[in-house]
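Me: I am new to this structure. Can you show me how to read it, feature by feature?

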Amino acid sequence: MIIILLGPPGAGKGTQAARIMAEHGLVQLSTGDMLRAAVAAGTQVGKKAKEFMNAGKLVTDEIVIGIIADRIEEDDCKQGFLLDGFPRTVAQAEALDILLKEKGLKVDAVIEMKVDDESLVDRITGRYTCAECNQGYHDTNLKPQKADVCDSCGSTNFTRRADDNRETVVSRLATYHTQTAPLLPFYSKQGVLRTVDGMADIDDVAVQINDVLNEL
Ligand code: AMP
């Protein structure tokens, strides 16, 4: 099964992807996570990507298509995968279709997580994660049960993304509307687009997504 989670930054793609991975055994491929790892490791790709990411702009299609083309060759992708943050342009979507076609595969469903723009700035600027286990939290909506201690692993080490500041978020949202939103008609034409209400609470969104996956 090949699934794409589509939605603006802060829609909850990463949170839902983690749940889908656990429940459906699909591997999560997040180009954002891969690029952050490349930046942290100081690779050539990381050096090229860093400036775009810090400005809230998209990294070039060539770089991300290359990353995904390599990643889907790995063994853990054989049973299918869940794309989170890719594709983000029509050119990436077209390249993905070609890559999959070569393997006799196709996208099974694109799940759009629909969220009001107004809620996204607060969602993003308030979010942080456990530096050890990556569990996500939020300053107001999702605090750890014991202050400053991760519920999942007990760590007291937390981290925020460099690009989760107000200025960059505004740029990332604009980028979503101009470059990524055109994927909605692209996948609608293919008959694979499903929309869920991303404003609902986390458990409700998970139920809506499960309903889509169980129909496939
Ligand atoms: P994300 O973690 O998905 O919010 O991605 C963080 C940043 O990584 C984005 O703002 C872009 O700069 C870059 N990025 C991630 N995925 C892509 C992609 N598919 N195409 C271009 N840039 C990307």
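Reply: Start with the ligand. This is a predicted model. The shell around the ligand divides into six nonpolar, four polar and six charged residues.

Me: Which residues come nearest to the ligand?

Reply: The shell has 16 residues, and Thr 31, Arg 36, Lys 57, Gly 85 and Arg 88 come nearest. Helix H2, residues 31-41, gives the largest share of the shell, four residues.

Me: How do I read the polar contacts? Which side chains have a polar atom by a nitrogen atom of the ligand?

Reply: Look for pairs of N or O atoms within 3.5 Å. Thr 31 has a polar side-chain atom 2.8 Å from a nitrogen atom of the ligand. For Arg 88, an N or O atom of the side chain is 2.9 Å from a ligand nitrogen.

Me: How much of the ligand does the protein bury?

Reply: Taken alone, the ligand exposes 480 Å², and the protein buries 96% of that.

Me: Now the interior. What is the general idea behind a core?

Reply: In soluble globular proteins, nonpolar side chains tend to be buried together. Here the largest nonpolar core has 32 residues. Leu 29, Leu 35, Phe 81, Leu 83, Leu 96 and Tyr 187 have the most contacts inside it. Elements that give two or more residues to this core include strands E1, E2 and E3 and helices H3 and H8. A second, separate core has 21 residues, among them Val 121, Ile 124, Leu 173 and Val 205.

Me: What does Leu 96 touch beyond its sequence neighbours?

Reply: Leaving aside residues within four places in sequence, Leu 96 is in contact with Ile 4, Leu 83, Phe 86, Pro 87, Val 107 and Tyr 187.

Me: Is Thr 180 buried or exposed?

Reply: Use the cut-off: buried means under 20% relative accessible area. Thr 180 is at 3%, so it counts as buried. Thr 180 is found in helix H7, residues 166-180. A polar atom of the Thr 180 side chain lies 2.7 Å from the backbone oxygen of Arg 88.

Me: And Gln 179: where is this residue placed, and how accessible is it?

Reply: Gln 179 is in helix H7. Gln 179 counts as partly exposed because its relative accessibility is 36%. Not counting residues up to four places away in sequence, Gln 179 touches Leu 58, Arg 88, Thr 89 and Val 90.

Methods. Residues are numbered from 1 along each chain as its sequence is written. This is a predicted model: local features need pLDDT of at least 70, side-chain atom pairs count only at pLDDT 80 or more; totals for chains, interfaces and linings use all residues. Side-chain values use heavy atoms; hydrogens and water are left out. Buried means under 20% relative accessible area, exposed over 50%, partly exposed in between (1.4 Å probe, protein chains only). A polar contact is a pair of N or O atoms within 3.5 Å; within protein, one must be able to donate a hydrogen and the other to accept it, and residues adjacent in sequence count only if both atoms are side-chain atoms. A nonpolar core is a set of buried Ala, Val, Leu, Ile, Met, Phe, Trp, Tyr and Cys residues joined through side-chain atoms within 4.5 Å. Contact means heavy atoms within 4.5 Å. A residue is near a molecule or strand if one of its heavy atoms lies within 4 Å of it. Accessible areas come from the Shrake-Rupley method with a 1.4 Å probe; for residues, only the protein chains shown count as cover. Ala, Val, Leu, Ile, Met, Phe, Trp, Tyr, Cys and Pro count as nonpolar, Asp, Glu, Lys and Arg as charged, and the others, Gly among them, as polar.
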